[in-house]
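Subject: Structure for you to look through

Dear colleague,

Here is the structure I promised to pass on to you, and below it I have written down what was found in it. Please keep the picture open while you read.

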Amino acid sequence: MYHNGMRIDSLVIEKRKTAPTLWEDRRFYPEMLGRLLADVPPKELATDAEEFIVITDKIPVNKRRRAVEKGVQLALAEFLPKKMKYRILHHESRSHYGLQIADYGCWAIFRKWQRGDTTYYDRIQSAVRSESDIFRNQATNYY
């Protein structure tokens, strides 16, 4: 399921099914990142890697950036091996090819789920390992 050495794991989150208790950044990011990391098989993390690096788009609002960092830290502390080091880096997506690839993948998956348009998804499908619709069994719409 790799496409030129790339693998995509994604969460599909239907906003209207997200419980109000998760609407705050400080709750949303740890929960969602935790769910994403829980789907990454242990063999992916049990390599001889010495460090795990998370790269996010540069978040302009300090309060929100701190919430995202805290969420990433909590999730990594739970799912990474205890002695593994990690770093969280913030780059502008327009200047980081990895973030541009992630944006394209998210956009293609969004178009597939939101509009039923698989034109762009079909180009990356061989790299998509998971698309977890986390609220698929949730019947309640909160708005």
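Two residues are said to be in contact, or to touch, when they have heavy atoms within 4.5 Å. Please bear in mind that this is a predicted model, in which local features need pLDDT of at least 70 and side-chain atom pairs count only at pLDDT 80 or more, while totals for chains, interfaces and linings use all residues. Residues are numbered from 1 along each chain as its sequence is written, and side-chain values use heavy atoms, with hydrogens and water left out.

The overall layout

The chain holds five helices and four strands, where helices (H or I, at least four residues) and strands (E, at least two) are DSSP runs, numbered from the N terminus. Read from the N terminus, these elements follow the order β-α-α-β-α-β-α-α-β. The radius of gyration, taken over C-alpha atoms, is 16 Å, close to the 15 Å that the globule rule (2.2 Å times the number of residues to the power 0.38) gives for 143 residues, so the chain is as compact as a globular protein of that length. Its C-alpha trace spans about 40 × 40 × 30 Å along the principal axes. Among the contacts in the chain with a separation of 6 or more, 73% are between residues 24 or more positions apart.

What is buried

Of the 143 residues, 29% count as buried, a word that here means under 20% relative accessible area, whereas exposed means over 50% and partly exposed lies in between (1.4 Å probe, protein chains only). In soluble globular proteins, nonpolar side chains tend to be buried together. A nonpolar core is a set of buried Ala, Val, Leu, Ile, Met, Phe, Trp, Tyr and Cys residues joined through side-chain atoms within 4.5 Å. The largest one in this chain has nine residues, namely Leu37, Val54, Ile59, Val68, Val72, Ala75, Leu76, Leu80 and Met84. Helix α3, which covers residues 62-79, gives the most to this core, with four residues. A second, separate core has eight residues, among them Val12, Ala108, Ala127 and Val128.

Four residues to look up

Val12 is placed in strand β1 (residues 8-12), and it counts as buried because its relative accessibility is 12%. Leaving aside neighbours within four places in sequence, Val12 is in contact with Ile109, Trp113, Ser132, Asp133 and Ile134.

Val128 belongs to strand β4 (residues 128-133), and with a relative accessibility of 5% it counts as buried. The C-alpha atoms of Val128 and Ile59 are separated by 26 Å, and the two residues are 69 residues apart along the chain.

Not counting residues up to four places away in sequence, Asp39 touches Leu11, Arg129 and Ser132. Asp39 and Leu76 are 37 residues apart in sequence and 13 Å apart in space, C-alpha to C-alpha.

Asn62 is found in helix α3, where it counts as partly exposed at 42% relative accessibility.

With best wishes
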